[in-house]
Amino acid sequence: MGKALIIGAGGVASVVVHKCCQVPDVFEEICIASRTKSKCDALKEKLDGGRTKIQTAQVDADNVAELVALINEFKPDIVINVALPYQDLTIMDACLETRVDYMDTANYEPLDTAKFEYKWQWAYKEKFEEAGITALLGSGFDPGVTGVFSAYALKHYFDEIHSIDIVDANAGDHGYPFATNFNPEINIREITANGRYWENGEFVETQPLEMKRVYDLPEIGPKDVYLLYHEELESLAKNITGIKKIRFWMTFSEKYLTHLRVLENVGMTSIEPIDFEGQQIVPLQFLKAVLPDPASLGPRTKGKTNIGCIYQGIKDGEPKTYYVYNVCDHQECYREVGSQAISYTTGVPAMIGAMMILTGKWKKPGVFNIEEFDPDPFMEALNKHGLPWHEDFNPTLID
Ligand code: NDP
């Protein structure tokens, strides 16, 4: 059916490539292109031999001219951006110049500070309309599946949704007293940033980790969940009719928070270079060197993730509640694609988003967040491609 150019060769890209190769009727040819070509070649080597034809390329995705040259050479029907959020705009520019559809899993961030705002990408709407091409923003899990869940809830179960609580739980255990899934600096930023939620038409700020609840999650059990800001709040507030309140909750264990706080308090997470025995070192880089490599956690992580949304609203004048969630097992993911559930739950929806566009189900000119499309074919594909979902019409609510 079509050709996809996949940009990036990291954790999420690896899952996307595996999943595209499982659907060769849709992804007849793919090109994996990234900064470090050897990583693309390693993926090709693992997956070559199936019906999806694979090629690789080196590209600096910060450079529009390089991207345009690659697109003109490979002639993809879609560009799947699973590099980093810093590259979103250059890749969108290259898609505009070559008139090729675009999708990503995270909103654009300027290099200096993470803002988690869609304004830069929403500003491309008219240009994409004029070029007659589709941009699908945020087709991972959160953002991504959480938006599809919301569109599905609104389409099938509610006349108006009044509140959404997104609950993202990772009960994976890698067996180390402390390790981070990503760069520790990103983890620190997550827990030290102010929280924010949407209520009655505006965002309300909280102190970092100020709002804590305990939520009993299906297949995982009771966990501490903390209110954080997350990027899909901005688009859901705009796109879900009648919405009054949206909150995002994430699990952190007490042990994890204590380790991060101590490391921060003793200065180990600082990015300011210091002089150590005549040598300049950056504390955070040293910390990274002594912590387990995040890539090594995959094979040893046991347990499950559970990400879902709890809705409250009205249907036919009556109050109604609905909870829809996915549970993913780290080790099952590892067995299937060689990555644990964090990358898996992002990579599968990225493949499905691309499939929606390639098959014409979600093709319309402009720039769209995922909840602006018909959720039904995506929900069906989640069940088929590794992320089955479950429903509960009488869930425990979060106060
Ligand atoms: P990784 O760091 O594992 O991989 C990023 C890849 O992008 C690497 O291969 C890197 O190359 C490549 N890259 C970086 N800069 C450039 C550049 N200038 N040109 C070409 N390639 C470049 O990240 P992940 O796979 O974990 O994450 C990928 C994306 O998914 C991110 O945008 C992240 O925010 C998003 N995400 C979304 C989630 C969701 O639920 N919506 C959840 C998790 C992640 P190199 O190998 O040379 O470093």
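## The ligand and its surroundings

In this predicted model, the ligand is surrounded by 25 residues, and the closest of them are Val12, Arg35, Thr36, Lys39 and Ala61. Sorted by class, this shell is made up of eleven nonpolar, nine polar and five charged residues.

Taken on its own, the ligand has 940 Å² of accessible area, of which the protein covers 81%.

In soluble globular proteins, nonpolar side chains tend to be buried together. Here the largest nonpolar core has 89 residues, and those with the most contacts inside it are Phe27, Ile30, Ile80, Phe149 and Tyr311. Helix 13, which spans residues 341-358, supplies the largest share of this core, with eleven residues. Apart from this core lies another one, of 30 residues, which includes Cys31, Val100, Ala135 and Val367.

What does Ile80 touch, if residues up to four places away in sequence are not counted? The contacts of Ile80 are with Ala4, Leu5, Ile6, Ile7, Val16, Phe27, Met103 and Ala354.

## Helix 1

Helix 1 covers residues 11-21, and because nine of its eleven residues are buried, this helix is largely enclosed by the rest of the structure. The buried residues of helix 1 are Ala13, Ser14, Val15, Val16, Val17, His18, Lys19, Cys20 and Cys21. One of them, Val16, is also among the residues that Ile80 touches.

## The loop with a cis peptide bond

Between strand 6 (134-137) and helix 7 (145-156) runs a loop that holds Asp142, and Pro143 lies in this loop as well. The peptide bond that joins Asp142 and Pro143 is cis, with omega at about 10 degrees.

Is Asp142 buried or exposed? Its relative accessibility is 15%, and because buried means under 20%, Asp142 counts as buried. With its neighbours within four places in sequence left aside, Asp142 is in contact with Asp168, His230, Glu232, Phe248 and Ile307.

## Loop residues with positive phi

Lys75 is a residue other than glycine with a positive phi, near 55 degrees, and its place is in the loop between helix 3 (64-74) and strand 4 (78-81). Because exposed means over 50% relative accessible area, Lys75 counts as exposed at 56%.

Asp316, also a residue other than glycine, has a positive phi near 50 degrees. This residue lies in the loop between strand 15 (304-315) and strand 16 (318-329), and at 64% relative accessibility Asp316 counts as exposed.

Gly242 is placed in the loop between helix 9 (232-239) and strand 12 (245-251), where, at 34% relative accessibility, Gly242 counts as partly exposed. Although Gly242 and Asp159 are 83 residues apart in sequence, their C-alpha atoms are 8.8 Å apart in space. Which residues is Gly242 in contact with, leaving aside its neighbours within four places in sequence? The contacts of Gly242 are with Ile161 and His162.

Technical notes. Residues numbered from 1 in each chain as written. Predicted model: local features only at pLDDT ≥ 70, side-chain atom pairs only at ≥ 80, totals over all residues. Heavy atoms only, no water. Core = buried A, V, L, I, M, F, W, Y, C linked by side-chain atoms within 4.5 Å. Buried < 20%, exposed > 50% of the residue type's maximum accessible area, 1.4 Å probe, protein only. Helix = DSSP H or I, 4+ residues; strand = E, 2+ residues; numbered from the N terminus. Contact = heavy atoms within 4.5 Å. Near = heavy atom within 4 Å. Areas by Shrake-Rupley, 256 points an atom, 1.4 Å probe, with all protein chains shown as cover. Nonpolar A, V, L, I, M, F, W, Y, C, P; charged D, E, K, R; others polar.
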